[in-house]
Amino acid sequence: MGVPTNSDSLLLMDKVDVNGANTHPVYTFLKGAVSDSSDIRWNFASYWLVDTMGNIQRLEGGRSSPATFAQKIEQALQA
């Protein structure tokens with residue numbers, strides 16, 4: 001598969017649904033891979049950590065900065 005040379009044809013981000021009938025497949029997969037498959041309440045309410053073996057953890061965001069997950073991230077990188 002070739003890499004597009006025209007930057008107009010390379011979509012990096014787009015608004016997607018994370019809950020409901022039109023949930024984007026990535027979020028369907030992530031929520032289905034963990035025991036807590038509840039809806040995402042608002043932006044940055046959930047973070048997803050995938051280790052080197054493909055194990056997925058759902059980390060609660062909300063008032064927590066991603067920096068508070070540093071130890072979990074380091075552990076995931078060593079898995």
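Me: What makes the meeting of the R41 and E60 side chains a salt bridge?

Reply: First, please keep in mind that this is a predicted model. The nitrogen-to-oxygen distance between the side chains of R41 and E60 is 3.7 Å, and the rule asks for a Lys or Arg side-chain nitrogen within 4 Å of a carboxyl oxygen of Asp or Glu, so the pair counts as a salt bridge. R41 lies in the loop between helix 1 and strand 1, while E60 belongs to strand 2, 19 residues apart, and the pair is therefore said to link distant parts of the chain.

Me: Why is R41 called exposed?

Reply: The relative accessible area of R41 is 61%, and because exposed means over 50%, the label follows.

Me: Which residues do salt bridges with shared partners join into one network?

Reply: The network is made of D36, R41, R58 and E60.

Me: How do you know that D36 and R58 form a salt bridge?

Reply: The closest N and O atoms of D36 and R58 are 3.7 Å apart, which is within the 4 Å cut-off, so the pair qualifies. This pair also links distant parts of the chain, with D36 in the loop between helix 1 (25-32) and strand 1 (46-50) and R58 in strand 2 (residues 56-60), 22 residues apart.

Me: Are D36 and R58 buried, partly exposed or exposed, and why?

Reply: D36 has 31% relative accessibility, so D36 counts as partly exposed, whereas R58 has 14%, and because buried means under 20%, R58 counts as buried.

Me: How many salt bridges does the rule give, and how are the elements of the chain arranged?

Reply: The count comes to four salt bridges. The protein chain has two helices and two strands, which run α-β-β-α from the N terminus on. Of its 79 residues, 20% count as buried.

Note on methods: Residues numbered from 1 in each chain as written. Predicted model: local features only at pLDDT ≥ 70, side-chain atom pairs only at ≥ 80, totals over all residues. Heavy atoms only, no water. Helix = DSSP H or I, 4+ residues; strand = E, 2+ residues; numbered from the N terminus. Buried < 20%, exposed > 50% of the residue type's maximum accessible area, 1.4 Å probe, protein only.
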